[in-house]
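Here is a short briefing on one protein chain. Keep the structure open as you read.

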Amino acid sequence: MVVISDILVQGIQMALVLLLAPLLTGFVRKIKARLLRRRGASVFQPYRDLLRLLRKEVVLADNASWLFRVTPYVTFAAIWVAAALVPTFATGLLFNWTADLIAIVALLGSARFFLALAGMDVGTSFGGIGSSREVMIAALAEPAMLLIVFCMALVAGSTQLSTVANFMASSWVGLRVSLGMAVIALIMVALAENARIPVDNPATHLELTMVHEAMVLEYSGRHLAMIEFGAFLKLLLYISLIACVFLPWKIAVFGTGPLSYAIGAGAYIVKLAVAGFFLALFETATAKMRVFRIPQFLGAALMLGLLGTLLLFVSRSF
């Protein structure tokens with residue numbers, strides 16, 4: 001009976017991230033439209049878009065290989081697993097031993113690797129440009145992400161998310177400059193990884209500025225639906241990661257009962273709504289930067305992560 005309840009709670013978390021990811025994107029789009037004094041589409045429009053794409057026929061290029069066909073499913077599966085590993089409403093779930101920050105970085109890197117290869121597979125100029133820019137961003141974003149992981153590991157003594165969340169929720173943390181640097185660096189990496197302003201504009205199709213959209217121009221039908229769904233999940237993953245590590249309030253501990261789980265789920269939805277509002281506000285008030293300035297932006301995130309890690313080393317040595 002205990003094993004069944006463990007599987008049920010873990011399954012609820014996996015389904016929760018799957019259901020809330022399109023809603024989060026729709027909410028961000030709706031808030032951006034209202035801030036621009038437009039009515040905007042419904043918050044449920046991403047669900048309709050996914051269903052419409054799933055019903056459409058897949059059109060493939062003549063020279064598309066097997067890699068081009070399997071990439072949408074591989075990227076979606078990798079991002080979904082990574083998003084499901086991040087504690088949302090409770091810690092210590094069934095797959096807690098796999099919820100490691102380094103494993104999540106590896107899953108996201110695998111998804112990016114396949115997507116970049118698929119962008120170059122057909123041989124179009126847009127796909128090659130998008131893949132090269134994506135790899136350029138990854139070359140700076142992944143080291144910055146790993147330095148943030150090392151910083152959190154030095155503070156909490158572990159890279160497991162449940163352990164980090166429980167430690168951050170305790171009174172032993174206090175105010176640390178290194179944690180402030182880490183959260184700013186993580187937000188900057190999240191903006192770059194999700195192709196959000198100021199790194200990329202998810203609403204544009206101008207070929208000179210596209211990064212993520214350029215890689216997926218040749219996809220259609222259910223393949224494009226899987227890629228879009230993966231993008232929705234990736235945004236939710238990073239917001240969940242920030243909420244889990246730096247705002248772990250009201251996260252239930254496994255085994256505390258359905259009421260604690262319900263409170264944790266409600267708090268998680270509130271955190272998503274607040275983060276979505278601030279993301280829409282930031283994107284409305286900020287312009288997209290030019291492509292050659294992206295390394296400077298991510299270089300700042302890399303330096304913040306490095307300085308936070310070095311501060312912890314110095315403080316521990318004295």
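A patch here is made of residues with over 30% relative accessible area and no salt bridge, with nonpolar side chains joined within 5 Å. This is a predicted model.

**The nonpolar patch**
- A surface patch of nonpolar residues covers about 510 Å².
- Its members are Leu-35, Val-270, Val-274, Phe-277, Phe-278 and Leu-281.
- Helix H10, residues 258–285, supplies the largest share of the patch, with five residues.
- Leu-281 is found in helix H10.

**Helix H6**
- Helix H6 spans residues 161–169.
- Its buried residues are Leu-161, Ser-162, Val-164, Ala-165 and Met-168.
- Viewed down the H6 axis, these buried residues fall within an arc of 165 degrees, so they line one face of the helix.
- An α-helix has 3.6 residues a turn, so residues three or four places apart point the same way.
- What do the buried residues of H6 pack against? Their partners are helices H3, H4, H5, H7 and H9, along with strand E1.

**Transmembrane regions in the record**
- An unreviewed UniProt entry lists residues 12–29, 73–95, 101–123, 135–157, 169–192, 231–249, 261–282 and 294–314 as "transmembrane region".
- In the model, residues 12–29 are 100% helix and 0% strand.
- The end C-alpha atoms of residues 12–29 are 26 Å apart.
- Residues 169–192 are 71% helix and 0% strand.
- For residues 169–192, the end C-alpha atoms lie 28 Å apart.

Technical notes:
Residues are numbered from 1 along each chain as its sequence is written. This is a predicted model: local features need pLDDT of at least 70, side-chain atom pairs count only at pLDDT 80 or more; totals for chains, interfaces and linings use all residues. Side-chain values use heavy atoms; hydrogens and water are left out. Patches are made of residues with over 30% relative accessible area and no salt bridge: like charges are joined within 9 Å, nonpolar side chains (Val, Leu, Ile, Met, Phe, Trp, Tyr) within 5 Å. Accessible areas come from the Shrake-Rupley method with a 1.4 Å probe; for residues, only the protein chains shown count as cover. A salt bridge is a side-chain nitrogen of Lys or Arg within 4 Å of a carboxyl oxygen of Asp or Glu. Helices (H or I, at least four residues) and strands (E, at least two) are DSSP runs, numbered from the N terminus. Buried means under 20% relative accessible area, exposed over 50%, partly exposed in between (1.4 Å probe, protein chains only). The arc is that of the directions from the helix axis to the C-beta atoms. Contact means heavy atoms within 4.5 Å. UniProt positions are given in the numbering used here, feature names are shortened, and annotations may be inferred rather than shown by experiment.
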